[in-house]
Amino acid sequence: MTQRIEDYALIGDLQTAALVGKDGSIDWLCLPRFDSGACFAALLGDDDNGHWILGPAEGGDCTRRGYVGDSLVLESVWETPSGTVKVTDFMPQRDTAPDIVRIVEGVSGEVAMAGTLRLRFDYGSVVPWMRRTNGHRVAVAGPDSVWLRSEPQVKTWGQHFSTCSTFTVAEGEKVAFVMTWHPSHEPRPDLVDPYEALENSLTDWHEWSARCQYEGPHRDAVIRSLITLKALTYRPTGGIVAAPTTSLPEEIGGVRNWDYRFCWLRDSTLTLGALLACGYVDEAAAWRDWLLRAVAGNPGDLQIMYGLAGERRLPEAELVWLRGHEDSAPVRIGNGAVDQLQLDVYGEVMDSLHLAATAGLAGEAHAWNLQLSLLGFLESRWREPDEGLWEVRGPRRHFVHSKVMAWVAADRAVRTLESDPKLRGDVERWRRMRDEVHREVCEKGYDPERNTFTQSYGSTELDAATLLIPQVGFLPPDDPRVAGTVDAVRAELSRDGLVRRYSTGGPAVDGLPGDEGTFIVCSFWLADSLRLIGRVEEAEALFERLLTLRNDVGLLSEEYDPVAGRQLGNFPQAFSHIGLVNTALALARGTGPRQQDAG
């Protein structure tokens, strides 16, 4: 039976991640990085595209599951007629090679277990050659090699280009499996002790979680979201991927399927705010440093997203041999939106670096000169149309959010120079730009008859991104236009009380057929805006409802279908978890990390 998006849990080692279904099947894993080819791709196809299932021989979903404390170590428990068994899944934080450890433990009675490892490299398309070596099963195909062993050894055999196993565990008995990847031209890495790795993993995660300074309501949800953000961090560079998956559909059976295994600039300020507010200064500094490296160069070449180390070429292609999750094709790798013009990212970069500086992160000597270069480019281009925050694949427009973020860029430059007059820069020049952008947005991006800001100049469509207007300081919360926009977005973009990012009224809007779900982070933005305009009880009620959208292990995807009661889109989604953390902080402390004084 096909696992739904919300049926998966996440494990990872801070360089890649795997999705484990309730049935004990690992259906998605890219090695050795988040953006590498998948060796398990059943998530986007079927079992023949690669998976590793381990559970009771009689099959079926687990009875219950959860993470061990504040960690990324997953425990799944099956209660069967003959006994109870627990499987512990995790990926140790690697030294050199990535490992997946699966420990089977008999809890009561006696349970017959079965496993099938079906490796398919290059997104489910390459069947490796299998052999036995010193008690290991070894798979090799081109650049990839995987070693599988068990402690104690259990019976394994090859069948249908897969490695199968059966064994029985009684109360107190344990069997551990370790799967290790390495480049096929290199020798096998040192063996990992599965039980020592488990102890170390729990210690690492619990020590990291204990650093969280948030002590307000729903701390468990905040911690789980922060752990998820940490799990989506590529430790070697500090970059944070939007999600560890590609092409999970925004509409079941639809074509809105994109690769999110990259780092988006749009997430930068919100991410920094969440990390800094919760006490994770080192992670915030690593993200800031990644941002500075990624955007360095000609300001006209600034991209909306980059690879894990700041790579710029992310060509988009379709994998025709994969049928897509629940037949939602095409499956895409790479992301063509990388070549879009999105003027809002200049404001995001300026806002992020301003936030980092005001929070006391040690500055980089070249950072201010880089910001002036970016701002100088934006000064010459902000009047142009662009593709906007949501990466629409329709015609360019004068998106209101893009113009607001141009205002943010100029505003943060003014604030920086006012706080440190010794810095190089013409504060009056940026004040003039700030005032001109503000004037134009209020004249051309506001509908006085409906008392709301619109998606773009001259349009009647609305955009949930305009909910950010008071949060970035473009207008104060008590401005009637802010409340009008909140009410209009809520009335026109809501579906069962949750917010869509914009109306998908046809190809004229975003150039794509079909529909999509409500956008989870936009509903968090609505809660933030409701709080800012004084409707705190409504904000709290919406936040409480949003918490119920999480799956059984506390994870959120990009979107949610309130009619079908299902999560949609790539999973788990950093943007959604950032929204949860920031809204929880705002409700608990009376202010959000992005809130600024109005200009």
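The paragraphs below go through a predicted model, from its nonpolar cores to its rings, cysteines and backbone.

The largest nonpolar core has 190 residues, and the members that touch the most others are Met 179, Phe 474 and Trp 525. Helix H8, residues 400-419, supplies the largest share of this core, with eleven residues. There is also a second, separate core of eleven residues, which includes Val 68, Val 178, Val 192 and Ala 197. Leaving aside neighbours within four places in sequence, Met 179 is in contact with a list of residues including Leu 29, Leu 31, Phe 40, Trp 52, Ile 100 and Trp 147.

Helix H9 covers residues 427-444, and its 18 residues should span 26 Å at 1.5 Å a residue; the end C-alpha atoms are 26 Å apart, which agrees. Among the buried residues of H9 are Trp 430, Met 433, Val 437, Val 441 and Cys 442. Arg 434, His 438 and Glu 440 are buried in H9 as well. The buried residues of this helix pack against helices H7 (367-381), H8 and H10 (480-493), and against strands S22 (446-447) and S23 (452-453).

Aromatic rings come next. The whole structure contains 14 aromatic pairs. In one of them, Trp 205 and Trp 208 have ring centres 6.2 Å apart and planes at 80 degrees, so the pair is edge-to-face; the cut-off for that class is over 60 degrees. Both tryptophans belong to helix H2 (residues 194-210), where they are three residues apart, about one turn of the helix. An α-helix has 3.6 residues a turn, so residues three or four places apart point the same way. Trp 205 and Trp 208 are both buried.

Two arginines lie over rings. Arg 33 is over the face of Tyr 234, 5.2 Å from the ring centre. Arg 102 has its charged end over the ring of Trp 52, at 5.1 Å from the centre, and Trp 52 is one of the residues in contact with Met 179.

How many disulfides does a search of the whole structure find? The search finds zero. For Cys 278, the closest cysteine sulfur is that of Cys 212, at 4.6 Å, which is too far for a bond, because a disulfide needs the sulfur atoms within 2.5 Å. Cys 278 is buried, at a relative accessible area of 0%. Cys 522 is also buried, with 0% relative accessibility.

Some features of the backbone remain. The peptide bond from Leu 31 to Pro 32 is cis, with omega near 5 degrees, and Pro 32 is in the loop between strand S3 (25-30) and strand S4 (38-40). A cis bond also runs from Phe 571 to Pro 572, with omega near -20 degrees. Pro 572 lies in the loop between strand S28 (566-568) and helix H14 (574-589).

Helix H1 (residues 121-124) holds Asp 122, whose phi is near 55 degrees, a positive value in a residue other than glycine.

Finally, Glu 173 sits in the loop between strand S14 (162-170) and strand S15 (174-183), and is partly exposed at 39% relative accessibility. Residues up to four places away in sequence aside, Glu 173 touches Val 104, Glu 105, Gly 106 and Thr 168.

Note on methods
Residues are numbered from 1 along each chain as its sequence is written. This is a predicted model: local features need pLDDT of at least 70, side-chain atom pairs count only at pLDDT 80 or more; totals for chains, interfaces and linings use all residues. Side-chain values use heavy atoms; hydrogens and water are left out. Rings of Phe, Tyr and Trp (its six-membered ring) pair if their centres lie within 6.5 Å; planes under 30 degrees apart count as stacked, over 60 as edge-to-face and the rest as tilted. Helices (H or I, at least four residues) and strands (E, at least two) are DSSP runs, numbered from the N terminus. Buried means under 20% relative accessible area, exposed over 50%, partly exposed in between (1.4 Å probe, protein chains only). A charge sits over a ring if NZ of Lys or CZ of Arg is within 6 Å of the ring centre and within 35 degrees of the ring normal. Contact means heavy atoms within 4.5 Å. A nonpolar core is a set of buried Ala, Val, Leu, Ile, Met, Phe, Trp, Tyr and Cys residues joined through side-chain atoms within 4.5 Å. The expected span of a helix is 1.5 Å times one less than its number of residues.
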